[in-house]
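I opened the model to look up a few local features. My entries follow in the sequence I made them.

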Amino acid sequence: RMLQAKVLVDRQTHTHQQWASRVIENVADMVAIVGRDGIIKFVSPSIEQIGGYAPQELVGRSYLEFVHPDEHAEALSELEQILHTKDSVRVAEKRFLHKDGRWVRLDAIAKNAIDDPSIGGIILNARDISEYTRTQEQDRIQASLLKTQQETSLDALLIVGENQKIISYNQQFIDMFGISAQLVSARVDEPVLQSVVAQAENPEEFLARVRYLYEHRELKSREEILLK
């Protein structure tokens, strides 16, 4: 009976290992196991998609070979910290050397599993965020350029979204209509419109025109506003 029970447990363990292996082989994220000395003991097939390497090209090599030189000291410090805390988890971003020579930015989660006899190392789970980071940087640059254009423009600019919330404005708009920066920074257009309308010779006509444009977003309009 004991032998039958052991065989059953062994079969179940083998089944679980097969299941885990299939899961790892099919995930897009890279899964790796790094030893206490920083040597790569295992890496999932997804490394080929992320880094261009076959798994066997990385196993047996130090993970520092693939970390950007500027981040070596930080990576070593993080390794020491995670090794000294059982079951600890750390999250970090690192530049990883792609086989073609470029640097890929990875978002990684590391878990200390040194004391787990079935693992005996640090589990790394990482995904490529290069495109996301690149998009963020492009958005930041475009926003900076737009802000510069707004502030150097001789035109007064007020940008309002479809929910009548103020998206952006420039200093010229505040100066031209003598509106307080605090009023505009609240990002609600109605008080700002009322402040502008109060200076118009024909306030109701102007306000009706603005609201008409709000309701007909496909239209464009050029108006001359006579101020008091």
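**Entry 1: a leucine in a loop**

I began with leucine 64, which counts as buried because its relative accessibility is 17%. For burial I use these cut-offs: buried is under 20% relative accessible area, exposed is over 50%, and partly exposed is in between (1.4 Å probe, protein chains only). Leucine 64 sits in the loop between helix H2 (47–51) and H3. Helices are DSSP runs of H or I with at least four residues, strands are runs of E with at least two, and both are numbered from the N terminus.

What does leucine 64 touch, leaving out residues up to four places away in sequence? I found His72, Ala75 and Leu76. A contact here means heavy atoms within 4.5 Å.

**Entry 2: ground rules**

I noted that this is a predicted model, where local features need pLDDT of at least 70 and side-chain atom pairs count only at pLDDT 80 or more, while totals for chains, interfaces and linings use all residues. Residues are numbered from 1 along each chain as its sequence is written, and side-chain values use heavy atoms, with hydrogens and water left out.

**Entry 3: the whole protein**

I listed eight helices and seven strands in the protein. Of its 228 residues, 30% are buried. I also looked at contacts between residues at least 6 apart in sequence: 33% of them join residues at least 24 apart. The accessible surface comes to about 15500 Å², and carbon and sulfur atoms account for 54% of that. These areas come from the Shrake-Rupley method with a 1.4 Å probe; for residues, only the protein chains shown count as cover.

**Entry 4: helix H3**

I checked the length of H3 next. It has 12 residues (72–83), which at 1.5 Å a residue should span 16 Å; the end C-alpha atoms are 17 Å apart, so the two agree. The expected span is 1.5 Å times one less than the number of residues.

Which residues of H3 are buried? They are Ala75, Glu78, Leu79, Ile82 and Leu83. Seen down the axis, the buried residues of H3 fall within an arc of 130°, so they line one face of the helix. The arc is taken from the directions from the helix axis to the C-beta atoms. An α-helix has 3.6 residues a turn, so residues three or four places apart point the same way. The cover over the buried residues of H3 includes strands E3 (89–97), E4 (103–113) and E5 (121–128).

**Entry 5: salt bridges**

I counted 10 salt bridges in the structure. The criterion is a side-chain nitrogen of Lys or Arg within 4 Å of a carboxyl oxygen of Asp or Glu.

Arginine 127 pairs with aspartate 29, with the closest N and O atoms 3.0 Å apart. Arginine 127 is in strand E5 and aspartate 29 is in the loop between helix H1 (2–26) and strand E1 (30–34), so this pair ties together parts 98 residues apart in sequence. Arginine 127 is partly exposed at 44% relative accessible area. Aspartate 29 is buried at 17%.

Then I turned to lysine 94, which is buried at 13% relative accessible area. Its side chain forms a salt bridge with glutamate 78 (3.1 Å, N to O). Lysine 94 lies in strand E3 and glutamate 78 in helix H3, so the pair ties together parts 16 residues apart in sequence. Glutamate 78 is buried, at 18%. Salt bridges with shared partners join Glu74, Glu78 and Lys94 into one network. Lysine 94 meets glutamate 74 at 3.2 Å, N to O. Glutamate 74 is partly exposed, at 41%.

Most residues other than glycine have a negative phi. Arginine 187 is in the loop between helix H6 (181–185) and helix H7 (189–197). It is partly exposed, with 34% relative accessible area.
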